[in-house]
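User: I'm new to this one. Can you walk me through it once it's up?

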Amino acid sequence: MSFSFSSLKQKLSDNSISPLEIANSCIERIEKFNSSLGALVGFNPDRLIAQAELSQRRRKDNKPLSEWDGIPIAVKDNICIEGEVTSCGSKYLENYISPYDATVIRKLKEKGFLLLPRANMDEFAMGSSTENSAFQKTSNPFDLNRIPGGSSGGSAAAVAGGFSPVSLGSDTGGSIRQPASLTGIWGLKPTYGRVSRYGLVAYASSLDQIGPLSSDLAGIEDLLKILSGPDPLDQTTSDKTFPWETKEILDLKKIKIGIMENPNCSSEVNERYFKAIQNLKELGTEIVPLDFDVFQYSIPIYYLIATAECSSNLSRFDGIRYGNRGEGSKLEDIYLASRSQGFGREVKRRILLGTYALSSGYYEAYYGKAQRARVMIQKAYKDFFSKVDLILQPTSPTTAFRFGEKKEDPIQMYMTDVLTISANLAGVPALNCPFGKDSIGLPIGMQISASHFEETKILQLAKALDQMPESKIELPKEIG
Amino acid sequence: MDSKEIEKIAQLARLKLEEEEKIALTKDLSSILNYINQIENLDTTSIREEELFHQSIKVMRKDIKNDTLERDAVKDFAPVYENGYIVVPRVIET
């Protein structure tokens, strides 16, 4: 797909392209490159064509469901689509067919989007490189020997590889923003409560959030409008709706942007960061250095809270009601066999860690402590956003690394999320903005975060970054 | 973390670990816990108990009857399904 989200929307509205032409060009590209890229699992061209035919008919009858009717969107493998497999990158769910649509899927269907399942992912969204998928590896479109980031690596590679102009991912500790950064595209984790998680297979419920990835900023803005809003099926959704018309233009001369030191970042990432700051200064923005102190604990806090929640959430996978049932003549044996054969190494690691953190004798020292520390992070953000309008940081400490480089060392892998995790702990929104490439041609991204429900501010600063010539990243036309 | 402790945790989590897996996971968890233990250095005494419980929004919906899935929807994903029931081994001894 050589078209961006906004140009596709334009071409559909002036009838210079049809939904069937779009679907066929997607299929052509997927069939050419998916075997080397591995972005999609179980791709079924017939189902895409069937959706495109319906969309085409609606457009012909002059009754499109919306201005987006006919735009394809890749969907992460942990978001339920009725009648499709939702495997979460896990052997345990490899044959699970969802009987219902997630709320976000219902909303996309109502607008006429062409759904493109299933974007590959780390098993149950646990990982930062998509190397933990039970099915296949996903490569970075900029260099097939490198990872695309994770856990929404398939969603990022599908967009950066030109399979679809936008995709859906989920972000528990950086799983939308980090892969977006490593593949040179936009990726938003909305405010906790902004988008319904009904139909998203839960990993860590107090942190999980669904959000869009896109080859251009317009795709992020439109999808946020479509996906957001209260949902009676998800009690944590807020009744705040996203404003459909955003009239206020952010005056860069009147706002304050917080910056932080990033001792974990590579020198090339930091150089880019300083360049972005310099550019903003030249536009007249006031830059305010913020103290990073409490954030240095964000990884330990995250790995206690997320694993505790996952040990509880994943207890539903017991081989009884759904998933692959292991052999056993007693219930207990079925539980043990189903879980032990169905889960991969990282999932077991996190379940065990979470079980340990919640177990008698350790609960207060680990889980209790982490909960208190999390409140400190939330207070730190509150304090920051009383001083500044937005915070600018790099998204990932390095550019894309090679397969196997960090897989054997969990802590090294966990450290890749050092800049993204705190937004999940506080529930604030954060966006990856592509911001040029390093010396070997790999994408670098900057992260803008704001206070709860202030996505409009983020999008407005993002527009300013998007206009800086240094930010441009051309997505690869040929892959491999 | 030693192999005895990991066995106990695995039992609580309903996971059965192969010998080789047990060795690898014991090593992994020891190093992760070692890293996580730095959290002890953070003074959290300023956080009051009640601050832990009002962080998320909880919206109540109206109590209206809605359609849910048909019972037979289960047959597409249940591991063993017969005559409208998910089949499990006998639980109560007779």
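**Chat notes**

Analyst: Chain A gives 62 residues to the contact and chain B gives 52, where contact means heavy atoms within 4.5 Å. This is a predicted model: local features need pLDDT of at least 70, side-chain atom pairs count only at pLDDT 80 or more, and totals for chains, interfaces and linings use all residues. Residues are numbered from 1 along each chain as its sequence is written, chains are lettered from A and ligands numbered from 1 in the order in which they are written, and side-chain values use heavy atoms, with hydrogens and water left out.

User: How much area do chain A and chain B bury between them?

Analyst: About 5,200 Å², with 69% of it on carbon and sulfur atoms. Buried area is the accessible area (1.4 Å probe) that two parts lose on being put together, summed over both.

User: New topic. At what angle do H9(A) and H11(A) pack?

Analyst: About 100 degrees, with the axes of H9 (residues 298–313) and H11 (residues 345–358) 7 Å apart. That makes H9(A) roughly perpendicular to H11(A), a label for angles of 65 to 115 degrees. Axes are lines fitted to C-alpha atoms, for helices over the stretch in contact, and angles run from 0 to 180 degrees between N-to-C directions. Helices are DSSP runs (H or I, at least four residues) and strands are too (E, at least two), numbered from the N terminus.

User: And H7(A), how many of its residues are buried?

Analyst: In H7 of chain A (residues 217–227), 10 of 11. Buried means under 20% relative accessible area (1.4 Å probe, protein chains only). Among them are A:Leu217, A:Glu221 and A:Lys225. A:Gly229 follows H7(A), with a positive phi near 125 degrees.

User: What about the backbone of A:Cys88 and A:Thr130?

Analyst: Most residues other than glycine have a negative phi. A:Cys88 has a positive phi, near 55 degrees. A:Thr130 has a positive phi of about 65 degrees. A:Cys88 counts as buried at 1% relative accessibility, and A:Thr130 at 0%.

User: Where is a cis peptide bond?

Analyst: One joins A:Pro117 and A:Arg118, with omega about -10 degrees. A:Arg118 is in strand E2 (residues 114–119) of chain A.

Key. Buried means under 20% relative accessible area, exposed over 50%, partly exposed in between (1.4 Å probe, protein chains only). Angles under 35 degrees count as roughly parallel, over 145 as roughly antiparallel, 65 to 115 as roughly perpendicular and the rest as oblique.
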